[in-house]
Amino acid sequence: MAELSNQLMAAAVLAYLFAMVCYAGEYAFGKRSRVGRAAVRPVEAKQLVGAGGPVAADPPAVADDNPVQPARRDRGELIGRIAVGINVVAVLLHLGGLVTRGVAADRMPWGNMYEYILSTTFIASAVWIGVVLARPAVRHLGLFASLALVVMLGAATMIAYTPVGPLVPALNSYWFIIHVSTIIIGSGIFLIGAVPAVMYLIRNGYEEGRRTFPYTLGKHVPAAVTLERLTFRLHAFAFPLFTFGALIAGPIWAEASWGRYWGWDPKEVWAFISWVVYAGYLHARATPSVKRTVATWIALLGFVTMLMNLFGVNLFFEGLHSYANAG
Amino acid sequence: MTVIEERPAPSAAPPPRRTNGLWALLRNSWRQLTSMRTALVLLFLLAIAAIPGSVFPQRGVNAERVTQYYQQHPDLAPVLERLGGFEVYASPWFASIYLLLFTSLIGCVVPRLIDHVRALRMAPPDAPKRLERLPQHAADLTRADAPAEVARSLAAGLRRRRFRTKVREHEDGVWTVSAEKGFLKETGNLLFHFSLLAVLIGVGFGHWYGWHANRLLVGGPDQGFCNTLTQYDDSTLGPRVHPADLPNFCLRLTDFDATFQSTGQPKTFLATVQLTQDNGPAETRRFTVNDPLRLGDANVYLLGHGYAPVLKFTDRYGVAQTKVVPFLPIDGMQTSEGVAQFPDVNIDPKTDKRDPTLQMGFEGRYLPTSPTDGSATSAFPAENNPMLYLTAYRGDLGLDVGTPGSVYSLDQGQLATGELKNVSGTRPHALKLGDTWTLDDGTKLEFVGTREFATLSIRHDPAQGLLLVGAVVGLLGLMLSLAGHRRRVWFRVRPDADLPGPAAAGGGSVVTAGGLPRTDYPGFPEEFKALVKAAEEGTP
């Protein structure tokens with residue numbers, strides 16, 4: 001069963017990679033027509049302005065584009081749909097890997113760092129697919145979302161892989177399920193929320209007319225307003241979950257297990273830091289005088305603190321939450 | 001006579017006062033402190049200030065690691081100490097940040113609470129003159145009823161959708177309906193921030209009135225302890241707790257059961273104790289990791305376990321002494337280190353005087369499962385092949401000086417001055433269970449057996465309940481504040497323009513509508529459309 005889990009996870013990573021390639025394909029081919037138009041139109045307009053006037057300029061341009069556009073769009077659309085399909089398969093494989101891992105260990109699959117990352121990325125991925133199915137418009141972020149997932153899963157397999165094993169007594173509690181699962185869901189959504197956050201910053205720069213490297217990535221993604229709102233909604237959804245998992249369920253369990261509800265263990269410190277930073281994001285976003293870009297940078301800072309808590313604290317610091325078995 | 005008008009003077013502009021410089025400074029500082037920007041900056045400072053606490057060892061978390069840090073970085077450690085680097089969360093600079101933050105919070109939420117209560121008691125404001133300037137608006141909806149009727153039915157419909165509504169009649173025959181919804185957002189927001197205050201107060205209260213202590217409890221009827229400070233290895237009382245306030249109970253460890261996986265990872269721990277409360281009858285209680293022994297005014301937590309070898313020393317005069325000495329585990333396989341000190345041995349029965357040069361000390365390691373290759377670390381945490389490696393020392397143990405020393409190592413000063421000498425050679429002597437070791441002077445040490453010990457933490461925090469309630473209420477408030485949307489809707493109902501004047505009574509009406517989301521609310525246009533549709537069709 002443990003072997004099966006490993007194979008399923010390997011298949012899931014491959015499927016994510018494949019989905020990523022398809023997203024990239026859509027990114028590259030599907031919108032070429034639009035890219036082409038963006039590149040061609042101003043030139044035509046200029047020529048025509050010279051010749052006659054803008055009024056006459058538009059109809060021929062549109063007429064020129066129309067016959068070509070549907071075919072090209074369809075191809076991109078098709079590749080995009082295939083990408084989403086493969087992504088769904090990848091999520092199912094991911095789920096299968098997680099379930100078999102749990103069956104092999106006869107417990108919830110989040111007892112060490114490897115399993116924790118597997119679960120968190122699964123939540124991130126499932127939420128992502130949910131968002132895509134509900135709003136196909138954001139599909140163009142798929143390239144970046146699956147890239148992030150592949151990187152995280154690769155890191156989990158390379159630096160944190162742990163063979164299946166039962167839990168240490170300290171983890172043997174029903175709070176293990178409540179505390180860890182809510183944090184996994186909260187962190188998963190925070191992690192995937194960072195994707196629209198980054199794309200918003202890029203797209204926003206693009207909309208402001210910047211055409212240097214990172215901003216060119218923003219050409220095909222949804223409008224900045226949409227991305228910003230998606231970022232906020234994901235974070236606003238994850239924040240109470242994380243609050244419950246880290247600052248209520250965690251202390252209740254810590255009280256029963258270690259005798260104190262809060263002890264500034266490195267993991268607790270970084271959970272506190274993440275919480276404060278995300279609280280800062282929500283405040284900044286609610287304050288009209290703070291620019292949305294600034295607020296989004298704060299959300300990304302929160303993402304960095306989450307990564308620090310996930311990898312840094314497990315690998316560099318020694319504390320009571322040392323169940324990582326890594327390194 | 002002059003006519004004096006008795007109309008009260010308009011109180012709009014108060015006479016210009018000369019502003020006191022200090023007062024202005026205070027007022028401006030307060031405004032600055034309670035502004036959202038300052039709060040954001042303080043939040044970030046708080047996050048940054050918390051980082052060193054995870055980088056440097058903290059005395060409150062693990063005091064031994066601080067001592068280690070002193071040894072590893074003798075130059076840096078005193079500097080860090082002065083900056084509060086080993087007690088970050090108790091340091092003045094950390095406290096100043098969160099106290100400023102909470103002051104800023106109070107300065108922000110108290111006026112908001114007052115405003116909110118006022119808003120809750122006030123009727124929604126009248127419709128603005130030009131509804132078409134609002135983000136959402138609709139015009140020229142016609143209804144067959146008279147304005148009064150239409151206004152009343154609109155208000156009823158809005159009320160059914162849980163809007164707070166107010167119908168106003170104007171002099172020109174125009175009726176307005178004002179409606180407002182989403183007060184729960186602000187209520188939740190205020191609830192969240194006030195429960196943060198409650199949590200802070202709870203933490204402070206718990207710190208003042210709580211206490212905690214640690215005890216290493218060896219199994220056996222002769223090794224119990226009672227809840228008094230002298231019987232603890234270390235203890236911390238809150239500033240408002242008197243030692244006499246501690247609840248009266250005694251514990252004896254009667255059984256300790258540990259099971260392990262084949263890899264040596266622990267699987268279960270179970271401690272069985274004899275508990276006596278308030279000099280009542282003894283009762284048997286069990287507790288384990290994650291399931292502490294709860295005693296009303298104190299909780300007993302099982303933190304760890306280990307082994308205590310039982311050693312019997314027979315001196316030159318044939319007098320035997322038996323000691324149970326806990327050895328502290330140094331790794332996950334329960335390789336343990338400790339010392340057995342026998343200061344009151346080799347007392348000449350004739351003179352009845354203690355010879356300080358003939359005190360005995362044994363230092364070494366205990367391996368519950370000695371590996372077959374003979375290496376000095378245990379291969380498994382359970383006692384499958386117990387082996388004790390000891391080095392014997394004779395001389396002055398240095399226990400009479402009065403300075404408190406560790407009971408888990410010999411006095412290094414005495415070893416350095418040579419007052420305490422190694423008398424068994426460089427290689428430690430190996431003892432199996434039941435072995436007797438005869439030393440160079442004919443004295444004997446027998447490894448009688450081992451007992452298990454449990455490390456316990458005994459704690460009381462009277463504010464925990466308050467904290468939990470505060471945190472849960474805060475979470476509810478947080479969800480309300482994130483999910484809610486505050487918005488206002490207005491309808492203006494005019495008599496149909498074709499029939500001007502009061503004669504319109506009985507005729508039709510023309511309705512204009514406007515909507516204003518007061519928070520970011522992407523779903524508002526749909527809601528507004530639904531409201532307008534309902535208004536147009538006259539359905540609720």
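Residues are numbered from 1 along each chain as its sequence is written, while chains are lettered from A and ligands numbered from 1 in the order in which they are written. Because the model is predicted, local features need pLDDT of at least 70 and side-chain atom pairs count only at pLDDT 80 or more, whereas totals for chains, interfaces and linings use all residues.

**Confidence**

The model scores ipTM 0.83 and pTM 0.83. Where pLDDT is low, the predicted coordinates should not be read in detail.

**Chain B overall**

Chain B has eleven helices and 22 strands. These are DSSP runs numbered from the N terminus, helices being H or I of at least four residues and strands E of at least two. The radius of gyration of chain B, taken over C-alpha atoms, is 39 Å, well over the 24 Å that the globule rule gives for 540 residues, so the chain is more spread out than a compact globule. That rule is 2.2 Å times the number of residues to the power 0.38. Along the principal axes, the C-alpha atoms of chain B fill a box of roughly 130 × 60 × 50 Å.

An automatic or database domain assignment gives chain B domain 1 (26-118), domain 2 (123-182 + 485-537) and domain 3 (211-399 + 406-460). The centres of domain 1 and domain 2 of chain B, over C-alpha atoms, are separated by 51 Å.

Of the contacts in chain B with a separation of 6 or more, 65% join residues 24 or more positions apart. Buried residues make up 32% of the 540 residues; buried means 20 or more other C-beta atoms within 10 Å of the residue's own, exposed 12 or fewer, and partly exposed in between, with C-beta atoms placed from the backbone.

**Pairing of β20 in chain B**

Strands pair if DSSP finds at least two bridges between them. Strand β20(B) covers residues 444-460, and its antiparallel pairings include these:

| Partner strand | Bridges to β20(B) | Example bridge |
|---|---|---|
| β4(B), residues 211-218 | eight | B:A213 with B:I458 |
| β11(B), residues 299-314 | 15 | B:L311 with B:F447 |
| β19(B), residues 436-438 | three | B:T436 with B:E446 |

β19(B) and β20(B) form a hairpin with five residues between them, and B:G442 in the turn has a positive phi of about 90 degrees.

**Contact between the chains**

The contact takes 39 residues from chain A and 39 residues from chain B. On the side of chain A, α8 (224-258) and α9 (266-286) are the elements that give two or more residues. The largest share, twelve residues, comes from α8(A).

A:W264 has a positive phi, near 55 degrees, and sits in the loop between α8 and α9 of chain A. A:W264 counts as buried, with 20 C-beta neighbours inside 10 Å. B:R162 has a positive phi of about 60 degrees and lies in the loop between α7 (147-160) and β2 (164-169) of chain B. B:R162 is exposed, with 10 other C-beta atoms within 10 Å.

Terms used. Two residues are in contact if their C-beta atoms, placed from the backbone, lie within 7 Å.
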